[in-house]
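Me: I have a structure to go through. May I put some questions to you about it?
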Amino acid sequence: MSIARVTEISATSTKGFEDAVKQGVKRASKTLRNVTSAWVKEQSVTVSNGKIAHFQVNLMITFVLEDDAAMS
């Protein structure tokens, strides 16, 4: 049996939504072990001088918790 946890993170990019997702998953994987999935909960942009300055995504990151046997 495995148990997973979901945590929400926010990531930004000046390139686009896809890059923001990639950067968010990359960064989450540095801290969280066993990341198995991510889904975009929200996306938005910051506008400056009539142009998009930043793309932002709020991601729900799923990671599987290690069982007690793996921690021994």
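Me: Is Phe17 buried, partly exposed or exposed?
Reply: Phe17 is partly exposed, at 27% relative accessible area. Buried means under 20%, exposed over 50%, and partly exposed in between (1.4 Å probe, protein chains only). This is a predicted model, in which local features need pLDDT of at least 70, side-chain atom pairs count only at pLDDT 80 or more, and totals for chains, interfaces and linings use all residues. Residues are numbered from 1 along each chain as its sequence is written, and side-chain values use heavy atoms, with hydrogens and water left out.

Me: How many aromatic pairs are there?
Reply: The whole structure has 1 aromatic pair. Rings of Phe, Tyr and Trp (its six-membered ring) pair if their centres lie within 6.5 Å; planes under 30 degrees apart are stacked, over 60 edge-to-face, and the rest tilted.

Me: New topic: what does Ala28 touch?
Reply: Leaving aside residues up to four places away in sequence, Ala28 touches Ile9, Val35 and Ile61. Contact means heavy atoms within 4.5 Å.

Me: What about Met1, buried or exposed?
Reply: Met1 is exposed, since its relative accessibility is 94%. Met1 lies in the segment before β1 (4–13).

Notes
Helices (H or I, at least four residues) and strands (E, at least two) are DSSP runs, numbered from the N terminus.
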